[in-house]
Amino acid sequence: MEWLTEDAFVPMVTGIAMFIVFVAMAVYSGERRVFLVAGGIALVTIAIVLCEAAIVTDKEEITEEVYQLAFHVQRNDLNSVLEKVDPNDESVSDKIKQEMPRYDFDTCRLMGITDFVKTGEYTAEVEFTVGVQVRVNQMPETLSGQRRVRLFYKRNPFGKWKVVDYYHSDPRSSIDL
């Protein structure tokens, strides 16, 4: 049933269509009970939409984390990026501390999530493409391009998703960089 909590569009459209049909039937037949059924359908549809809005799935949480991470990368905010990393995994933090200062990002725009896999109850992977404009090693010219990024997440004991590994590559090649 995760499809229901991810997107209530189908149940909402179905509920609205059923409501319209039952209202038309009630008007045509003059039966008060059919109006009550239409009202019940409207209430159930509203309840489904409210439940969908109230429930935040792991996929939605991680998607929000990815957008925040892209925002921090664009701002060249190393400390905020490191806050998204599992503090127990120093190798990832060291990798980011070594790599990020080489770049000065003007733009880091998420172009779309291409893959999301929940690999376990407390682990997940997400792959996405970003469009970047960046200066490398304090070079004067700005380079534009795309990067395919794969993040590996683990839920910590406080329920927060943290990055435990990552890699990025040119989306036009299958070679990891």
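Reader: Among contacts in the protein chain between residues at least 6 apart in sequence, what percentage join residues at least 24 apart?

Author: The model is a predicted one, and the contacts considered here are those in the protein chain between residues at least 6 apart in sequence. The part of these contacts that joins residues at least 24 apart comes to 48%.

Reader: In what pattern do the helices and strands follow one another along the sequence?

Author: The protein chain holds 6 helices and 4 strands. Read along the sequence, these elements give the pattern α-α-α-α-α-α-β-β-β-β.

Reader: Is the protein chain more spread out or less spread out than a compact globule?

Author: Along its principal axes, the C-alpha trace of the protein chain spans about 75 × 40 × 30 Å. For 177 residues the globule rule gives 16 Å, whereas the radius of gyration of the protein chain is 23 Å, well over that value, and therefore the chain is, compared with a compact globule, more spread out.

Reader: Which element gives the largest share of the largest nonpolar core?

Author: This core has 26 residues, and those touching the most other members are Val-66, Ile-96, Phe-128, Leu-151 and Tyr-153. Two or more residues come from each of several elements, including α4 (58-74), α6 (90-99), β2 (123-136) and β3 (143-155). The largest share, 6 residues, is given by β2.

Reader: With which residues is Phe-128 in contact, leaving aside its neighbours within four places in sequence?

Author: Phe-128 is one of the residues that touch the most other members of the largest nonpolar core. With its neighbours within four places in sequence left aside, the residues in contact with Phe-128 are Val-66, Leu-110, Gly-112, Ile-113, Thr-114, Arg-147, Arg-148, Val-149 and Leu-151.

Reader: Which element gives the largest share of the lining of the largest pocket?

Author: The largest pocket has a volume of about 710 Å³, and of the 31 residues that line this pocket, Val-73, Phe-105, Arg-147, Val-149 and His-168 are the closest to its centre. The elements giving two or more residues to the lining are α4, α6, β1, β2, β3 and β4. The largest share of the lining, 7 residues, comes from β3.

Reader: Is Asn-76 buried, partly exposed or exposed?

Author: Asn-76 is found in the loop between α4 and α5, and Asn-76 has a positive phi of about 55° although it is not a glycine. Because its relative accessible area is 28%, which lies between the 20% and 50% cut-offs, Asn-76 counts as partly exposed.

Notes
Residues numbered from 1 in each chain as written. Predicted model: local features only at pLDDT ≥ 70, side-chain atom pairs only at ≥ 80, totals over all residues. Heavy atoms only, no water. Core = buried A, V, L, I, M, F, W, Y, C linked by side-chain atoms within 4.5 Å. Buried < 20%, exposed > 50% of the residue type's maximum accessible area, 1.4 Å probe, protein only. Contact = heavy atoms within 4.5 Å. 1 Å grid on protein atoms, 1.4 Å probe; cavity = no way out; pocket = protein on both sides within 12 Å on 5 of 7 lines; lining within 4 Å. Points joined across faces, edges and corners; volume = space filled by probe spheres on them. Rg over C-alpha atoms; globule rule 2.2 N^0.38 Å.
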